[in-house]
Amino acid sequence: MLTLLKLLKDGRFHSGQALGAALGVSRSAVWKQLQQLEAEFGLVIHKVRGRGYQLANPLVLLSELEIAAATPSASWPVHVYDSIDSTNAEALRLVGKGVVAPFIVVAERQTAGRGRRGRQWVSPFAENIYYSLLLRIDGGMRQLEGLSLVVGLAVLQALRELGIAGAGLKWPNDVLVDNKKIAGILLELVGDPADVCHVVLGVGINVNMQVADQVDQLWTSARLETGRSIDRNQLIASLGEKLRFYLEWHQSSGFAAIQAEWEQNHLWQGRKVALVAGVNQVEGIVLGIDQQGALRLQVDGVEKVFSGGELSLRLRDDA
Ligand code: BTN
């Protein structure tokens, strides 16, 4: 079915006969596959008598070659999938099978994309970036401190380079534009964090998505913000460059050196917030973060520090 999609991706008309010949199947088998493409991938295909079939929107698919060509410095190996449950899960499976880190996994779609706090990450076909960078960490806990926040800075810089000047960070690692989420980050770890472990840096960026009924929070995409279609291969290359820069800085100097830059980009500095952990919540004013990336809140006049993957912030000013 994906071979057929690749034949159609140029957005031109292709006759049923030509498609059948290229695939070595009958015209009715082509018709069946077209129906499946529409149903399974949510694609719109024009069917015009006498002209054939045409994708309503031409597709630029992910390509390892194009990602490498757009990466000026030596790039990490990239594994490209048409469809996978989760790029984070696949990266962890690959390392379990002995694939040597570092490497990247990207996919056209995820059937079970994972978000923070057990949520699902909506991952439609060929529209967004679903990216996982698998790293080996053997420097102990210091190399993990603030790591997810550092990834947020890299994603932010890649989006700014597209011209999305209003993008900023929300602790711990959401990227927002006007309070709408444009990217999310999920780190998962296997092994002993105090000794040798592997960590997968999972990044989801809403790139060309224009409608998504299943997303249950305010969201936007790079296309909605810039008004143009974005080349995902180039954005993946740019994200890799930014990650390389920030990860090297983090490794050589520790998170403390990056803390100030992170705070400068934190959209909710000084704002009144509720910090939510399951059914519990604490209200306070955001003072910033500490040298490990934990959140500093002023609660009833007293500074308190919070950390943990299950926490999330909500604004209270407008409540
Ligand atoms: C969040 O909830 O904000 C985090 C979302 C992280 C989604 C990305 S998409 C690529 C990688 N694979 C996953 O299954 N999740 C992350």
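**Working chat: loops, ligand and overall fold**

Me: Where does Pro 102 lie?

Reply: Pro 102 lies in the loop between H5 and strand E4 (103-110). Helices (H or I, at least four residues) and strands (E, at least two) are DSSP runs, numbered from the N terminus. This is a predicted model, in which local features need pLDDT of at least 70 and side-chain atom pairs count only at pLDDT 80 or more, while totals for chains, interfaces and linings use all residues. Residues are numbered from 1 along each chain as its sequence is written, and side-chain values use heavy atoms, with hydrogens and water left out.

Me: What kind of peptide bond joins Ala 101 and Pro 102?

Reply: The bond is cis, with omega about 0 degrees. A cis peptide bond also joins Trp 171 and Pro 172, and Pro 172 is in the loop between strand E6 (167-170) and strand E7 (174-177). Most peptide bonds are trans, and most residues other than glycine have a negative phi.

Me: And which way does phi go at Asp 178, positive or negative?

Reply: Asp 178 is not a glycine, yet its phi is positive, about 50 degrees. Asp 178 sits in the loop between E7 and E8. Its relative accessibility of 61% makes it exposed; exposed means over 50% relative accessible area, buried under 20%, and partly exposed in between (1.4 Å probe, protein chains only).

Me: Switching to the ligand, which residues come nearest?

Reply: Of the 20 residues around it, Ser 86, Gln 110, Arg 114, Arg 116 and Lys 181 come nearest. A residue counts as near if one of its heavy atoms lies within 4 Å.

Me: How far is the polar backbone atom of Arg 116 from an oxygen atom of the ligand?

Reply: The distance is 2.7 Å. Taken alone, the ligand exposes 420 Å², of which the protein buries 98%; these areas come from the Shrake-Rupley method with a 1.4 Å probe.

Me: Which element gives the most to that shell?

Reply: E8 does, with four residues. The elements giving two or more residues are helix H5 (87-96), strand E5 (129-137), strand E8 (180-191) and strand E9 (197-205).

Me: Finally, how many helices and strands does the chain have?

Reply: The chain has nine helices and 14 strands. Its radius of gyration is 22 Å, close to the 20 Å that the globule rule gives for 319 residues, so the chain is as compact as a globular protein of that length. The radius is taken over C-alpha atoms, and the rule is 2.2 Å times the number of residues to the power 0.38. Of the 319 residues, 50% count as buried.

Conventions: Polar contact = N/O pair within 3.5 Å; in protein donor to acceptor, adjacent residues only side chain to side chain.
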